[in-house]
Amino acid sequence: MQSPELFSKVADEVASRDLSSFGLKSLTTILSAYASAKIESSPLLFEKICEAIVGRKANVSNQTLPNILWAYAVFGYVKSPIFLAMAPRVMTVLHKCNCESLTIIAWSYAAANVDDPMLFNERFLNALLEKMDSFNVIQLTRLHQWHLWRQEKSSSIRLPPAFETKCYEAFI
């Protein structure tokens, strides 16, 4: 059972602190807890966590990066600087990302409607294509949504037709 009052009190307490003493994993866990519970208690908390993470973006791992982006996308913090700030970091860890991470990253940017050509380029597309046969149904569904967004943006960086069909079929 969720307790919005408890989430609100925790958000106020955490937001009142200097977050530079919090580890990146702790900050990510806080974001994930609020996003998973779908309790948006404090925009200030998300702003302060964004500042703390962006200040240490070079240390964000390929495991925590998708979770950070997902949490901001779930709550629609599309104006958050987190998406543009993290694009270069995504590119440095791209080769280490598994299927889950790649699809969460793709979906998060699509949901936030943040199109960064530094991120969504041939390298990103190739990372997806290298794992084309390893994605599960949920991941293919995310990629279908990302692909629709790429079409909406009239981007040349989109899934090839056979992969697009596979994602579409998973989605329906």
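Mentor: Start with how helix axes are handled: axes are lines fitted to C-alpha atoms, for helices over the stretch in contact, and angles run from 0 to 180 degrees between N-to-C directions. Also keep in mind that this is a predicted model.

Trainee: Fine. At what angle do the axes of α2 and α4 cross?

Mentor: Roughly 40°, and the axes come within 9 Å. Helix α2 covers residues 24–37 and helix α4 covers residues 64–74.

Trainee: What do you call that arrangement of α2 and α4?

Mentor: Oblique. The crossing of α2 and α4 is left-handed.

Trainee: And α3 with α4, at what angle do those cross?

Mentor: Helix α3, residues 43–54, crosses α4 at roughly 150°, with the axes coming within 12 Å. Over 145 degrees counts as roughly antiparallel, so that is the word for α3 and α4. Their crossing is left-handed.

Trainee: Changing topic. How many salt bridges does a search of the whole structure find?

Mentor: The search finds 4. I'll take you through some of them, including the one between Arg142 and Glu100, whose side chains meet at 3.3 Å, N to O.

Trainee: Is Arg142 buried or exposed?

Mentor: Buried, because its relative accessibility is 17% and the cut-off for buried is under 20%. Glu100 has 31% and therefore counts as partly exposed.

Trainee: What does Asp115 pair with?

Mentor: Asp115 forms a salt bridge with Arg150, and the closest N and O atoms are 2.8 Å apart. Asp115 is in the loop between α6 and α7 (122–130), while Arg150 is in helix α8, so this pair ties together parts that are 35 residues apart in sequence.

Trainee: How about accessibility for Asp115 and Arg150?

Mentor: Arg150 is buried, with a relative accessible area of 2%. Asp115, at 33%, counts as partly exposed.

Trainee: Give me another salt bridge.

Mentor: Asp133 and Lys166 form one, with the closest N and O atoms 3.7 Å apart. This pair links distant parts of the chain, since Asp133 is in the loop between α7 and α8 and Lys166 is in helix α9, 33 residues apart.

Trainee: Is Asp133 buried or exposed?

Mentor: Exposed, because its relative accessibility is 66%. Lys166, with a relative accessible area of 29%, is partly exposed.

Trainee: How far is Asp133 from Phe163?

Mentor: Their C-alpha atoms are separated by 9.3 Å, and the two residues are 30 apart along the chain. You can compare that with another pair: the C-alpha atoms of Leu102 and Lys153 are separated by 19 Å, at 51 residues apart along the chain.

Trainee: Where is Leu102, and is it buried or exposed?

Mentor: Leu102 lies in helix α6. It is buried, with a relative accessible area of 0%.

Trainee: What about the surface? Which residues make the nonpolar patch of about 330 Å²?

Mentor: Tyr168, Phe171 and Ile172. Tyr168 is in helix α9, which covers residues 161–171. At 42% relative accessibility, Tyr168 counts as partly exposed.

Trainee: Last topic, the backbone. What is phi for Asn113?

Mentor: Near 55°, a positive value in a residue other than glycine. Asn113 is in the loop between α6 and α7, and counts as partly exposed at 40% relative accessibility.

Trainee: And what is phi for Ser154?

Mentor: Ser154 has a positive phi of about 55°, and it is not a glycine. Ser154 is found in the loop between α8 and α9. Its relative accessibility is 62%, so Ser154 counts as exposed.

Methods
Residues are numbered from 1 along each chain as its sequence is written. This is a predicted model: local features need pLDDT of at least 70, side-chain atom pairs count only at pLDDT 80 or more; totals for chains, interfaces and linings use all residues. Side-chain values use heavy atoms; hydrogens and water are left out. Patches are made of residues with over 30% relative accessible area and no salt bridge: like charges are joined within 9 Å, nonpolar side chains (Val, Leu, Ile, Met, Phe, Trp, Tyr) within 5 Å. Accessible areas come from the Shrake-Rupley method with a 1.4 Å probe; for residues, only the protein chains shown count as cover. Helices (H or I, at least four residues) and strands (E, at least two) are DSSP runs, numbered from the N terminus. Buried means under 20% relative accessible area, exposed over 50%, partly exposed in between (1.4 Å probe, protein chains only). Angles under 35 degrees count as roughly parallel, over 145 as roughly antiparallel, 65 to 115 as roughly perpendicular and the rest as oblique. A crossing is left-handed if the near helix is turned anticlockwise from the far one by less than a right angle, and right-handed if clockwise.
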